[in-house]
Amino acid sequence: VFAMYNTTVANANFIIQTQTIFLAIFGYIFLKEKISKLTLISILLAFGGIFLMLGDSLTEGQMIGNIAAFIMPISFAVLILTVRKYPSIDMIPLQLIAGIGAVLIGYLLSKIIISTHDIFLGFIAGFFQVGLGFIFITIGAKTTPSALVGIIMLIEAILGPLWAWLFINETPPIVVLVGGTIVLLAVVLQFFNRKIVK
């Protein structure tokens, strides 16, 4: 949120999607997880698709916003690597602690009065979208290679325009559809690669 206030939404979204690269690199360096050629191709394809979707709207933005956006994919990569490194430890209680910490920081930094209605909407989004999402990621990351987690996470980038198209009739540009198709192709390639390896 801080990043989007201090740079463009497109910049923040694009930078956040670099989590795929950080996951692959950190997994290779710290966990000795090998990156197959097909995985590397999948990462490059997915990144190309994201660039197609956001490329026209990318700008220099403000440096502080861009840096803040980079903190998210790096911290996410550290989370996944920690789960991968210690799969026998239940990390889900840490998600609760992180959520409480986020609430306290948000409360202390907030300079506006939030209505009960907005608090309710925030709870719904935080509980279902963020909370459950991170719980499932934490569970899945125990047995899923870091690079694959990153590639699967890129589906989030293409679902945003899809939901807008389905529910509020916001027709995405053709380049977004092409970029989303490329990202899906990268995910399918990676799953195909896993099936071959097994």
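**View 1. Helices α5 and α8 cross in this predicted model.** Helix α5 spans residues 63-85, and helix α8 spans residues 146-153. Their axes come within 10 Å. They cross at roughly 135 degrees. Angles over 145 would count as roughly antiparallel, and 65 to 115 as roughly perpendicular. The pair α5 and α8 is therefore oblique. The crossing of these two helices is right-handed.

**View 2. Helix α8 is mostly covered.** How many of the eight residues of α8 are buried? Seven of them are. Start with Ser146, Ala147 and Leu148, which are among the buried residues. Val149, Gly150, Ile151 and Met153 are also buried. Buried here means under 20% relative accessible area.

**View 3. Arg84 and Glu33 form a salt bridge.** Side chains of opposite charge can pair when their charged atoms come close. In this bridge, the distance from N to O is 2.7 Å. The count for the model comes to one salt bridge. Where do the two partners lie? Arg84 belongs to helix α5, while Glu33 sits in the loop between α3 and α4. The pair therefore ties together parts that are 51 residues apart in sequence. Is Glu33 buried or exposed? Glu33 has a relative accessible area of 15%, so this residue is buried.

**View 4. Lys32 has a positive phi.** Most residues other than glycine have a negative phi. Lys32 is not a glycine, yet its phi is about 60 degrees. Look for Lys32 in the loop between α3 (19-30) and α4 (37-54). Its relative accessibility is 66%, so Lys32 counts as exposed. The cut-off for exposed is over 50%.

**View 5. Nonpolar side chains make a surface patch.** The patch covers about 1000 Å². Two elements give two or more residues to this patch: α9 (155-168) and α10 (174-197). Which element gives the most? Helix α9 does, with six residues. Members of the patch include Leu162, Trp163, Leu166, Phe167 and Ile168. Leu52, Ile174, Leu177 and Val178 also belong to the patch.

**View 6. Trp165 is one of the patch residues.** Its place is in helix α9. Is Trp165 buried, exposed or partly exposed? The relative accessibility of Trp165 is 39%. Buried means under 20%, and exposed means over 50%. Trp165 therefore counts as partly exposed.

Key
Residues numbered from 1 in each chain as written. Predicted model: local features only at pLDDT ≥ 70, side-chain atom pairs only at ≥ 80, totals over all residues. Heavy atoms only, no water. Patch = residues over 30% accessible without salt bridge, like charges linked within 9 Å, V, L, I, M, F, W, Y side chains within 5 Å. Areas by Shrake-Rupley, 256 points an atom, 1.4 Å probe, with all protein chains shown as cover. Salt bridge = Lys/Arg side-chain N within 4 Å of Asp/Glu carboxyl O. Helix = DSSP H or I, 4+ residues; strand = E, 2+ residues; numbered from the N terminus. Buried < 20%, exposed > 50% of the residue type's maximum accessible area, 1.4 Å probe, protein only. Axes fitted to C-alpha atoms, helices over the stretch in contact; angles between N-to-C directions. Parallel < 35°, antiparallel > 145°, perpendicular 65-115°, else oblique. Left-handed = near helix turned anticlockwise from the far one by under 90°.
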